[in-house]
Amino acid sequence: MKRLLVAVLTALTISSAVTQSHILRGSPVNSLCADLVHPAGYSCTEHTIQTKDGYILALQRVASPTPNLTLQYGPPVLLQHGLFMAGDVWFLDSPKESLGFVLADHGFDVWVGNVRGTRYSYGHVTLSETDKEFWDWSWQDLAMYDLAEMVQYIYSVANSKIFLVGHSQGTIMSFAALTQPRVAEMVEAAALLCPISYLDHVTAPLVERMVFMHLDQMVVALGMHQINFRSDTLVKLVDSLCEGHMDCTDFLSSITGKNCCFNASRIEYYLDYEPHPSSVKNLRHLFQMIRKGSFAQYDYGFLKNILTYGTSKPPEFELGHIPASLPMWMGYGGSDLLADVIDVERTLSELPSRPELLYLENYGHIDFVLSTSAKEDVYKHMIQFFRARKKSSSW
């Protein structure tokens, strides 16, 4: 069952035809600009920022090819990737299909985020990736520190409010960050693909199995702090979940739901870049959301919650604190077993605004970032939404 690893990549375009030996091979991570953007003929510059808790993050700024020596950037847009991904996911298909390239071609000033722990953002001012403290974070830290710092940096450089785009975990981060007034005031509008704030209706069979088997506690018991699916230990551990327990013949569907439209012939190419590492604490936090049905900060347990938060239970992120004046757009699919329609509807009921919605019955979790038809099905609607905001702003 060594192919099972493919399923646990959560938000990747992978199929059962991929072997462990391919997944474990080295990845080209010189720089995102050099690996993916420059070869396509687009302008790309690397930027480095430091979070308030000391992590060194990579940002890339992308623009469409231009004959002018001086680039004329349009409105800035930040692309925030999902779990086990990095900013490369926005460029893995052709320039005519990848959202990063499509937005650049439409005149946007494209900024690409890479959270801590990914291979593009693998630094800290004092800690090494071999230190367990380096991995002591979850998505709430990615929201409060990483995303907040990215937004602040782009706002300062572009001298403009930004458009925020998130996918999957990137939407969890966005919802949490936008409850903070200092972040929300720098965002012109938000477009969220597979929006997640609640996860208690997840029906993906393999995810349910991992939660039931307490995979998060198993890796902690092994002394692991990093989730790296390129490691032999984790391959073997995850591999055991299917054996004798469930049918894992369709691995991708068992983790995300059926995806209609990504290009399966490019799977080996995708695996040159994905998956990226994350932390065990992050996985535990996501599993807490599934078990408890909450959108809250990390639950340390009764005593440490009191020491950390001053209460026995972790504080909730209140979606009602996101400004009603902030325009939002959401795209979600009927075949997505992670961003379940019931959970999306709960999110919508708690928001003070009424986001514009795009519902695609046949789309799964992966289709929104790697479908070969997403430019027509999804991205053109997002761009229309942004352009409508642009007309009403100072641009």
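A polar contact is a pair of N or O atoms within 3.5 Å; within protein, one of the two must be able to donate a hydrogen and the other to accept it, and residues adjacent in sequence count only if both atoms are side-chain atoms. The model is a predicted one, in which local features need pLDDT of at least 70 and side-chain atom pairs count only at pLDDT 80 or more, while totals for chains, interfaces and linings use all residues. Residues are numbered from 1 along each chain as its sequence is written, and side-chain values use heavy atoms, with hydrogens and water left out.

**The whole chain**

Begin with a cartoon view, in which the chain has 16 helices and 11 strands; these are DSSP runs, numbered from the N terminus, with helices (H or I) of at least four residues and strands (E) of at least two. Of the 395 residues of the chain, 58% count as buried, where buried means under 20% relative accessible area, exposed means over 50%, and partly exposed lies in between (1.4 Å probe, protein chains only). Contact, a word that returns at several stops, means heavy atoms within 4.5 Å. Among contacts between residues at least 6 apart in sequence, 78% join residues at least 24 apart.

**The annotated site**

Now select S168, D336 and H365, which carry the feature "active site" in an unreviewed UniProt entry; such annotations may be inferred rather than shown by experiment. Why can these residues be said to gather at one spot? They span 198 residues in sequence, yet no two of their C-alpha atoms are more than 10.8 Å apart, so they gather at one spot.

Select H365 by itself, and look for it in the loop between β11 (356-360) and α15 (367-370). Because its relative accessibility is 0%, H365 counts as buried.

Move on to D336, which sits in the loop between β10 (328-333) and α14 (341-350). D336 has 2% relative accessibility and therefore counts as buried. Which residues is D336 in contact with, leaving aside its neighbours within four places in sequence? They are C194, T256, Y363, G364 and H365. The side chain of D336 also reaches the backbone nitrogen of A339, at 3.0 Å.

**Two packed helices**

Next, colour helix α4 (residues 139-158) and helix α5 (residues 169-178), which pack at an angle of about 65 degrees with their axes 8 Å apart. The axes are lines fitted to C-alpha atoms, for helices over the stretch in contact, and angles run from 0 to 180 degrees between N-to-C directions. On the α4 side, W139, L142, A143, M144 and L147 meet Q169, I172, M173, S174, A176 and A177 in α5. The residues of this contact divide into 9 nonpolar, 2 polar and no charged; here Ala, Val, Leu, Ile, Met, Phe, Trp, Tyr, Cys and Pro count as nonpolar, Asp, Glu, Lys and Arg as charged, and the others, Gly among them, as polar.

While α4 is still coloured, pick out E149, which is found in this helix. With 17% relative accessibility, E149 counts as buried. Apart from residues up to four places away in sequence, E149 touches I49, Q50, T51 and K52.

Select helix α7 (residues 205-212), whose buried residues are L206, V207, R209, M210 and V211. The loop between α7 and α8 (215-221) holds H214, which has a positive phi of about 55 degrees although it is not a glycine. Is H214 buried or partly exposed? Its relative accessible area is 31%, so H214 is partly exposed.

**Last stops in the loops**

In the loop between β3 and α3, select F84, a residue other than glycine whose phi is positive, near 60 degrees. F84 is buried, with a relative accessible area of 4%. The loop between β3 (76-80) and α3 (99-105) also contains S94, which counts as partly exposed at 29% relative accessibility.

Finish at P275, in the loop between α11 (267-270) and β9 (278-279). A cis peptide bond, with omega about 0 degrees, joins E274 and P275.
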